[in-house]
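Thanks for coming, everyone. I'll take a few minutes on one model. Have a look at it first.

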Amino acid sequence: SGNSSILSPALCHLGHTSIAAFAFNFAAHWTVGHYHVAKYGCGSIAALMAVSTVTASVLGIAYLRKNNEEVIAGGMASSAGLITYNAFRNPQWFKFLRLHPLSWVAALALYGAYYDKAAVGGVAGGYLAFLLAL
């Protein structure tokens, strides 16, 4: 929010503000994250999460300069980046969910547009990582 400290852009991605956000992030990292680490290694997921969270922080700060309200609430950037990256790079991993992989990306973007800007930043960071072939 507008009255946060200078450390908030870095630390806001480490906490959850609700059980639902925690459960979603846990499920995303347990399933898609596990496949990602098995295929690409720990360095790749660390780079992907770094790009996603930095992108979300930059977009959150830019949004906050115009609107004095809560912007990032609950560590959603890394999950959104992980899902977006793998929806483009490994869409076959999402077959068990019976939905098209890009429907998850669209759902995260809509969630971010109306509630948590970190999801939009995570989607942008995940797509950026895909374009950079990280």
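Predicted model: local features only at pLDDT ≥ 70, side-chain atom pairs only at ≥ 80, totals over all residues.

Let me start with a term: contact means heavy atoms within 4.5 Å. Residues are numbered from 1 along each chain as its sequence is written, and side-chain values use heavy atoms, with hydrogens and water left out.

Now the fold. The protein has 6 helices and 0 strands. Helices here are DSSP runs of H or I, at least four residues long, strands are E runs of at least two, and both are numbered from the N terminus. Among contacts between residues at least 6 apart in sequence, 75% join residues at least 24 apart.

Take helix 3, residues 42–66. Its 25 residues reach 37 Å from first C-alpha to last. That is close to the 36 Å expected at 1.5 Å a residue; the expected span is 1.5 Å times one less than the number of residues.

Which residues of helix 3 are buried? Ser44, Ile45, Leu48, Ser52, Thr53, Thr55, Ala56, Ser57 and Gly60. Buried means under 20% relative accessible area, exposed over 50%, partly exposed in between, with a 1.4 Å probe and protein chains only. Thr55 counts as buried because its relative accessibility is 18%. Leaving aside neighbours within four places in sequence, Thr55 is in contact with Gly121, Ala124 and Gly125.

On to the core. A nonpolar core is a set of buried Ala, Val, Leu, Ile, Met, Phe, Trp, Tyr and Cys residues joined through side-chain atoms within 4.5 Å. The largest one has 17 residues. Val32, Leu48, Leu82, Ile83, Phe94, Leu108 and Val123 touch the most other members. Helix 2 (19–40), helix 3, helix 4 (77–89), helix 5 (101–114) and helix 6 each supply at least two residues of this core. Helix 4 gives the largest share, 5 residues. As for Val32, leaving aside neighbours within four places in sequence, it is in contact with Leu82, Asn86, Trp93 and Phe94.

Overall, buried residues make up 37% of the 134 in the protein.

Last, helix 6, residues 117–131.
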